[in-house]
Amino acid sequence: MCSEPVNSARLARVRTEVTTDVCQIHDMDTTSATSSRRTLLMGAAAATTLGLFAAAPSASATDKQPAPRPAFVPEPVRTVDAGPRRVAVTFDDGPHPDYTPGVLRVLRRHRVRATFCVVGSEVEKHPQLVRAIHDAGHMIAGHSWSHPDLRRLNPDEVAEQVDRNLAAIAKVLPRYRVEWFRAPYGGWSAEVMGALSASGLRPLGWSVDPRDWSRPGADVIAERVRGALTTGSIVLNHDGGGERDQTIAALEVWLPEALSDGYRFVHPA
Ligand SMILES: [Zn+2]
């Protein structure tokens, strides 16, 4: 899902308009560049490995017609499979000094483990927050270097967004192995999947989006999560990229409710 772009000079050029699951990015710096054949091939191979191509109907032995081209179906992991009432909560676009500590406080109070999808440029600015996230036992996932829509970048630029994101995290936590990556705006493509596979990363989606980034009110955010939460849910929240006070206020409501309803929070696996 979309979020407001993170606070950086480059992202100031990005405007987002959002309708349900679709982001329209205006005025984005989409430099056309020569595509890398090597990366394209790598992406295609990785996509095949990840099972991203739907199986084509098998032709009979007498059928001389070529098999139809398989449809490309990039699919991130959108749910957790850890048993009844097991769910996950994720926080994107941070770390942010105004909001990440507040999110961590609520999670600590309720002894809940979460996943933070961090933006590389913010990691570089706030390494102490990344350490705090890690020290509290939360999972850290990649969320690009500067939060562009990766579908609008060429394969080399996509790889750079992933690599710089990982390098920023590694600089803070040299021994931490990042396992997951969430594409900004949910912008999955063959190139993104190929770059992730090349870096040993898995694509992390979500199934519950309360659109907290649009600031509909803490009560609305809480109600949206409450109404959608079910076994396997991955909840999308934001601790950066804009004002997130409502996200935290909502978390203080729906998180303890979910716990008393028997939900338990796990990391994606
Ligand atoms: Zn984001």
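**Helix and strand notes**

I find H2 and H8 roughly parallel to each other, because angles under 35 degrees count as such and theirs is about 10°. I note that this is a predicted model. H2 covers residues 100-109 and H8 covers residues 245-260. Their axes lie 10 Å apart.

I then listed the residues that meet. H2 brings Gly 102, Val 103 and Val 106. H8 brings Ile 248, Leu 251, Glu 252 and Leu 255. By class, I get five nonpolar residues, one polar and one charged in this contact.

Next I looked up H5 (residues 155-172) and H6 (residues 190-198). Their axes come within 9 Å and cross at roughly 45°. That angle makes H5 oblique to H6. I read the crossing as right-handed. From H5, the contact uses Pro 155, Val 158, Ala 159 and Val 162. From H6, it uses Glu 191, Val 192, Ala 195 and Leu 196. I class seven of these residues as nonpolar, none as polar and one as charged.

**Strands**

In which sense do E4 and E5 pair? I find the parallel sense, over four bridges. E4 runs over residues 115-118, and E5 over residues 139-142. In this pairing, Val 118 stands opposite Gly 142 of E5.

I also checked which way the E5 residues point. Met 139 and Ala 141 point one way. Ile 140 and Gly 142 point the other way. Buried or exposed? All four E5 residues are buried.

Note on methods: Residues are numbered from 1 along each chain as its sequence is written. This is a predicted model: local features need pLDDT of at least 70, side-chain atom pairs count only at pLDDT 80 or more; totals for chains, interfaces and linings use all residues. Axes are lines fitted to C-alpha atoms, for helices over the stretch in contact, and angles run from 0 to 180 degrees between N-to-C directions. Helices (H or I, at least four residues) and strands (E, at least two) are DSSP runs, numbered from the N terminus. Angles under 35 degrees count as roughly parallel, over 145 as roughly antiparallel, 65 to 115 as roughly perpendicular and the rest as oblique. A crossing is left-handed if the near helix is turned anticlockwise from the far one by less than a right angle, and right-handed if clockwise. Two residues are in contact if their C-beta atoms, placed from the backbone, lie within 7 Å. Ala, Val, Leu, Ile, Met, Phe, Trp, Tyr, Cys and Pro count as nonpolar, Asp, Glu, Lys and Arg as charged, and the others, Gly among them, as polar. A residue is buried if 20 or more other C-beta atoms lie within 10 Å of its own, exposed if 12 or fewer, and partly exposed in between; C-beta atoms are placed from the backbone. Two strands pair if DSSP finds at least two bridges between them.
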